Amino acid sequence: AVVSTQSTWGVANKMLWIIVSLAVLAALADGQGMGNGVSKHTWAASDPIACSDWFTTYLPTEEEFHPGCEDNNHCPCATQGRVHTKKHTLDKQPPPPGDIGFGLHAINCTFHPYGQLSIAD
């Protein structure tokens with residue numbers, strides 16, 4: 001049986017195209033994180049500190065510091081409970097700066113009320 005070089009090159013080009021496409025998709029799939037893609041979820045909460053306590057008790061999370069706040073829970077315009085999932089749970093080393101897991105934020109922002117009912121109502 002004679003195999004033409006044209007069909008061999010066609011198969012090689014298709015394989016190369018598939019490999020390059022998979023590499024691009026893998027790079028895009030790893031692109032979720034702080035400042036890139038979906039990196040957090042924020043809820044309105046009447047008691048965000050209790051939410052933060054629940055997150056840290058029942059989920060593999062740790063508190064997240066917000067630079068504009070007095071402490072982890074009190075900011076000029078809101079009371080908040082901010083945590084993020086532990087991204088490197090198997091590593092003993094802390095993650096590099098900015099390389100944190102998915103953010104879970106609970107906010108009570110009475111500074112910007114919306115509607116007639118409070119969050120608790």
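**Exercise 1. In which order do the 4 strands form the open sheet, and what is the pairing?**

Before starting, note that this is a predicted model, in which local features need pLDDT of at least 70, side-chain atom pairs count only at pLDDT 80 or more, and totals for chains, interfaces and linings use all residues. Residues are numbered from 1 along each chain as its sequence is written, and side-chain values use heavy atoms, with hydrogens and water left out.

Solution. Begin with the elements: the protein chain has 2 helices and 4 strands, where helices (H or I, at least four residues) and strands (E, at least two) are DSSP runs numbered from the N terminus. The open sheet has the order β1-β4-β3-β2, and its pairing is mixed, two strands being paired if DSSP finds at least two bridges between them. Because β1 (40–44) and β2 (61–63) each have a single partner strand, they stand at the edges, and one side of each lacks a neighbour in the sheet.

**Exercise 2. Find how β1 and β4 pair.**

Solution. First, take the sense of the pairing: β1 and β4 (residues 103–108) are parallel, over 5 bridges.

**Exercise 3. Decide which element has the highest mean pLDDT and which the lowest.**

Solution. Recall that pLDDT is the predictor's confidence in each residue, from 0 to 100. For the protein chain, the mean is 76, and 69% of residues reach 70 or more. Among its elements, α2 has the highest mean (92), while helix α1 (residues 5–29) has the lowest (72). Where pLDDT is low, the predicted coordinates should not be read in detail.
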